[in-house]
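Subject: Structure handover

Hello,

Here is the structure I said I would pass on. Please look it over before reading the notes under it.

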Amino acid sequence: MATDAPSTLRVQLVEQPRLQKLKEMFLSKFGTAPEFYVRAPGRVNLIGEHIDYCGYAVLPMAIEQDILIAVKPVKSQVVQLANTNSSYLDFSTNVNNIQINKTKPQWHNYFLCGLKGIQEHFGLNNPTGMNCLLDGTIPPSSGLSSSSALVCCAGLVTLKANGKTLSKVELAEICTKSERYIGTEGGGMDQSISFLAEEGTAKLIEFSPLRATDVKLPSGAAFVIAHSCVEMNKAATSHYNIRVMECRLATKLLAKSKGLDWKNMLRLHDVQTGLGVSLAEMLTVVEAELHPEPYSREEISECLGISLEELRSQVLTQNTQDVSTFKLYQRAKHVYSEAARVLQFKKICNEAPADAIQLLGELMNQSHISCREMYECSCPELDRLVDICLQFGAIGSRLTGAGWGGCTVSMVPTDKLNTFMKNVKKAYYQSDVQRLAPENNSLFATKPGSGALVFVEA
C-alpha cells in the first residue's frame, strides 16, 4: 500500500551473494560491518514521456537493476560515501553543512539531495553521521533513472539512520522536491515508481494527489530495453529544462488566450482543468491559439502583456534566461496527445481485447513519433535503434526516459523474443565497432520489479 512505509526484510546474507559481497567490501573499507542495506530500483517508462511535470499520469514499471547501499550510522557528524565502482571517487562531508554543486552532477551530489531532503523535512538539527558503500547496476545516463534511484535510496538511508518513518508517498514527494537541488525540474514519476512499485505489475502514476494504480500487462509480450550507447545526463544539459519551460510558457499563453488566471498556472494540466474540457478538445485549443513557428521572448512578453524584464524575472528560470526562441505549439501538442495515449494504454490493459498487443504497440509507436517530431527529444541513434527493433519483430518501440540518448523500450511477442535479441544484437551493436558487443546491461528483457526496500541481516 502507498500509505505504508517501505518494507524491512530480514535476510540470510549467505542466500544473498550481492549483499554478502557488499558487506565484505564494506568491512575492508570501513573496518566494521554495515547495520542495514537499502535498495531502490530504476524504472522503465512504458508510455507517457515528458508529461509528469505537466501534471499528467504516466505508466512506468520498476526494473531489477537498482542502487544498493550498505550503511553504518556513526557517532561523528560526517557522512563518508564510497562506491564499488572505482571510477566514482570517495566523498565525505559534514552532515550539518551540505553543499550541492549544480554545475557538476557528480554521483555524490545525488546522494546529498536525498540526505538534505529528509534533513529539511524533519528539521534535523543533529543528524547522524554515516558510512555508506554504494553498488549500482543501473547503467548511468541511460534514461532508466539511475540518478533518481540514488536520490530515493539516499532519502531512505537517511530516514532509517535517523530513526524516522514516512509513507512511500511522502518519501516519493520529498525525493522529487529534493532532486531539484541539483537543478533538474522533474515531475515526480521516477521517485514515485521507485517507492510505489510492486512486483508483477506496471503502475499508472497520477499526481496531485500522488497515487498509483496497478496495470496488468498482457501475458503474450515481453518488454525489452536496448541502450543506444549515447549517454545523456539530464542535469548536465539544458535540453530538459528548456522543454519544462516551453510547456510552462505554452500553459501561460493558452490560459491568457482563454481568459484564465495565467499568472498562477504552471502546468498544461491546469489549463485543461480550468477549461473543463477533454484532452481531444485541448488539442483543438492548441491548434486555434498557438502557431507552429517558434516564439521569441519579445512575442511571448507581448502576448502576456508584460515587459521582457518581467518575463525574465517572474517566469523564466535561471537556466532558461538566455534561450532566445521557444516552440510552444509542438510541445503542447505532444503533451496533450501523449497524456491521451497513456489513458488509452491503461484502458487496453484493463479490457484485454484479443488484439491488445497490437493496439498497445501502435500507441508506443505513435509516442515515439511524437517524441521525435513534436518534442524533439530523440537522436539519430535512438531512431535507428527503434527502426531495427521494429524490423526484427517488435510490435511497438519507443525511446524511454528523457531522450537525447539513453534507451528504447520495445514490446516483443514472447515467442519471438530469442530471435529478436539475437538480431538486434547483431544489427545494432555488432555492426558498429564503437558500440562493440553489448554487455548484458545494454540489451535485456525485463519484468515489473518491486519498489524500495530495507534489508537487515537475520
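The notes below go through the cores, some strands and helices, the aromatic rings and the cysteines. Please keep in mind that this is a predicted model.

Cores

The largest nonpolar core has 127 residues. Within that core, the residues that touch the most other members are Ile-69, Phe-111, Leu-268, Leu-290 and Tyr-336. Taking Tyr-336 as an example and leaving aside its neighbours within four places in sequence, the contacts are Tyr-56, Leu-254, Leu-268, Val-271, Gln-272, Leu-279, Met-282, Leu-283 and Val-286. There is also a second, separate core of 16 residues, with Ala-226, Leu-385, Ala-427 and Tyr-428 among its members.

Strand 2 and its partners

Strand 2 covers residues 36–47, and twelve of its twelve residues are buried. Two pairings of this strand are worth looking up. With strand 3 (residues 59–74), strand 2 pairs in the antiparallel sense over ten bridges; in that pairing, Val-44 stands opposite Met-61. With strand 15 (residues 453–457), strand 2 again pairs in the antiparallel sense, over three bridges. Here Arg-39 is placed opposite Leu-453.

Helix 5 runs over residues 189–196 and is mostly covered, with eight of its eight residues buried.

In helix 3 you will find Thr-158. Thr-158 has a relative accessible area of 0% and is buried. Apart from neighbours within four places in sequence, Thr-158 is in contact with Leu-115, Ile-118 and Met-130.

Aromatic rings

The structure contains five aromatic pairs. One of them joins Tyr-53 and Tyr-240: the pair is edge-to-face, with 5.6 Å from centre to centre and 75° between the planes. Tyr-53 sits in the loop between strand 2 and strand 3, while Tyr-240 belongs to helix 6 (residues 238–257), so this pair ties together parts that are 187 residues apart in sequence. Both Tyr-53 and Tyr-240 are buried.

Charged side chains also lie over rings. Lys-116 is over the face of Tyr-181, 4.5 Å from the ring centre. Arg-331 is over the face of Tyr-375, at 5.9 Å from the ring centre.

Cysteines

How many disulfides does a search of the whole structure find? The count is zero. For Cys-132, the nearest cysteine sulfur is that of Cys-153, 9.1 Å away, and Cys-132 is in no disulfide. Cys-132 counts as buried because its relative accessibility is 2%, and the cut-off for buried is under 20%. Cys-379 is likewise in no disulfide; the nearest cysteine sulfur to Cys-379 belongs to Cys-377 and is 9.6 Å away. With a relative accessibility of 12%, Cys-379 also counts as buried.

Regards

Conventions
Residues numbered from 1 in each chain as written. Predicted model: local features only at pLDDT ≥ 70, side-chain atom pairs only at ≥ 80, totals over all residues. Heavy atoms only, no water. Core = buried A, V, L, I, M, F, W, Y, C linked by side-chain atoms within 4.5 Å. Buried < 20%, exposed > 50% of the residue type's maximum accessible area, 1.4 Å probe, protein only. Contact = heavy atoms within 4.5 Å. Helix = DSSP H or I, 4+ residues; strand = E, 2+ residues; numbered from the N terminus. Pairing = 2+ DSSP bridges. Phe/Tyr/Trp six-rings, centres within 6.5 Å; stacked < 30°, edge-to-face > 60°. Lys NZ or Arg CZ within 6 Å of the ring centre and 35° of its normal. Disulfide = S-S within 2.5 Å.
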